[in-house]
Amino acid sequence: MTGRAFLFLPALLAWAAPAAAADAPALLPRPAHIAVQAGRFDLTAATPLVAAADDGGARNAALRLAEWMAAAGRPLQAPVPRADGPAIRFARTPGLAAEGYRLRIDADGATVSASDDSGLLYGAVTLWQLAGTPGPLPYMTIEDAPRFGWRGVMLDSARHFQSPAFVKHLIDWMAANKLNRLHWHLVDDQGWRIEIRKYPELTGISAWRSPAVAPGAPPLPPTGGFYSQPEIRDIVAYAGARGIVIIPEIEMPGHATAAIRAYPALGMGVPLPEGVWSDWGVFPWLYNSDDATFAFLQDVLDEVMALFPSPWIHLGGDEATKEQWKADPATQARIRALGLADENALQGWFMARIGNYLAGHGRRMIGWDEILEGGVPADAVVMSWRGVDGAVTAARAGHDAILSAAPTLYFDHRQGTGPDEPPGRGAPVTLADVYAFDLAPAALTPDQHRHIMGVQGNLWTEHVRTEARAAWMLFPRAAAVAEIGWSPAGGKDYADFLSRLKPQLARMAPLGLKAADSAFADAPPLAPLARTSRQLESCTGGILLDLEDDYPAQGPRAHFLTDILNPCWIWRGAPLAGAGRISLSVGQIPFNFQIGVDLDKIRFRPPATPDGEFEVRAGGCKGRRIAVLPLAPARDNPGLTRLEAAVAPTRARRTDLCITYTARGVSPMWALDAVALEPR
């Protein structure tokens, strides 16, 4: 199975050309073919909704249409098996493409035809989009089917837990855009979110943690939660009724800290430091390769498969650093006993063993592209996140692949630089970037390209603490994923996409969505004598993050754009002429990052005072120091502190200011909120 959905049968290829853009309705994703004709059909609350009593898919599509129309303030009657005169009808028509549909609006009403349940549902989505505003519907015919069979979104519930109600909202938003795969990241170092009845400590212990705080800051209340098995069954059924398959991810062999925290025998005996599960980054704790650990994982997967009917189970396989395997005598003995070359080969053996277990239960494994490094079962699906190279390698080797490339399809990146942007990865990934993403890697032949199943946008939630922020980070970028995954390859037009996106977002508002407005917002104005950290440049941009303060526990918190490997900011062309003083607004935040050997590369200038000081240099970071601002006043303040100092005279009217701080170590990490120059 390649997952690729071809657009039309030969009989449809000769169908009428698309309507002129001025006449075409504002639908999203853009349908393959639209023909608008003269005449209008008046859709009212009295219009019958018709679906055969013995056709569950047709009735489901009719019910979903009624549900969405009611949310839009245009209620419809309950479905009936037959009706005379004009009506909305759902009918089976053999021969249409998978997930494809035909929608005809004429004097007889609106008729949705499809050969499968998904096509009937997507015809209902299109009709809802057309009828979302009052007024009669123009006569038209739409012939449509998706370009790709996998049009997905990943929700990371392991780092920050979202309520079942939010997950259902997300499913509604996905259905409204014809997205059909919800990859649910339920397990990671920071939390275990799925109830496993055979191993209750997975959620009893590892579903909760206390967030990290800077030394001396007030503690934050514990956070977390998990999904009970009845809640998961309910969510899975809710998604299925809206055409969405949920693919659970159970990480292995890395990202295993939550499991080892609950059951230490699963690891290599290396103790977990207290609170390490509140860190972010790449952790060294891996599952061991004992048979007892495989029995645990198989038990877990048995319960997972009983909850999720998905043909696919995601096993992770990414970022498994091998330090502990290299140091563990039992692991090294296992490598020798199996005749394996090294630890990468052991990971391949590990993943293949679990993949074969899934295959024995009629499921296919999915893994991140690192699984290619050690060898995997022939039917394994590769999710390519480190650019598109993983997908290219996988397709050339005969594996199906999903394009989920960072950074473009990683929605934890900020969408813009405005003041309303929530915290996230610092380098912006705009809506235009997502829309421009190319789903046809040039390195693949047409035959190899058939292995590309589709596209997926991922929301990692290390820095996405609230559900409102999750919605903001997902949409409208997920709508761009829907468009590029569904619509025909040719004819991309970003301005046209935006013109269709605005009414789509208005239609989705009654479904509970408050989407980001970054693509429509004006650029933030720059004050002549002040900058926020978001309006400064990073000196090196190593790991650039927009980090939220750890204070206060309730209410708004500051957040700071900083490079955690080199906290250093540049104000390009700062107007020094006439400046007599400089003020900095600074805060202290925890250094809770697992970055391995990179930690040893972080260097600071030695402090001249016990608490250190911020330093400002003119002409770049090797320039003359023109201001020193001791950190002593900020030492005991968990919030923002304003520091002031005189500016040494300089002849330059404008120059680049470099702002750094001195320290003896990384904790606490000081961050710059804002800088301002004051005249003499």
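Contact means heavy atoms within 4.5 Å. Helices (H or I, at least four residues) and strands (E, at least two) are DSSP runs, numbered from the N terminus.

This is a predicted model: local features need pLDDT of at least 70, side-chain atom pairs count only at pLDDT 80 or more, and totals for chains, interfaces and linings use all residues. Residues are numbered from 1 along each chain as its sequence is written, and side-chain values use heavy atoms, with hydrogens and water left out.

**Helix α2**

What covers the buried residues of α2 includes β2 (49-50), β3 (87-92), α3 (117-130) and α4 (164-176). Buried means under 20% relative accessible area, exposed over 50%, partly exposed in between (1.4 Å probe, protein chains only). Among the buried residues of α2 are Asn60, Arg64 and Trp68. Gly73 follows α2 with a positive phi, near 85°.

**Disulfides**

A disulfide is a pair of cysteine sulfur atoms within 2.5 Å. By this rule there are 2 disulfides.

| Pair | S to S | Angle about the S-S bond |
|---|---|---|
| Cys539 and Cys568 | 2.1 Å | -70°, left-handed |
| Cys621 and Cys658 | 2.0 Å | 85°, right-handed |

Cys539 sits in the loop between β22 (537-538) and β23 (544-548), and Cys568 in the loop between β24 (559-563) and β25 (569-575), so their link ties together parts 29 residues apart in sequence. Cys539 is partly exposed at 25% relative accessibility. Cys568 is buried at 5%.

Cys621 lies in the loop between β28 (613-618) and β29 (624-630), and Cys658 in strand β31 (residues 654-661), 37 residues apart. Cys621 is partly exposed at 27% relative accessibility. Cys658 is buried at 3% relative accessible area.
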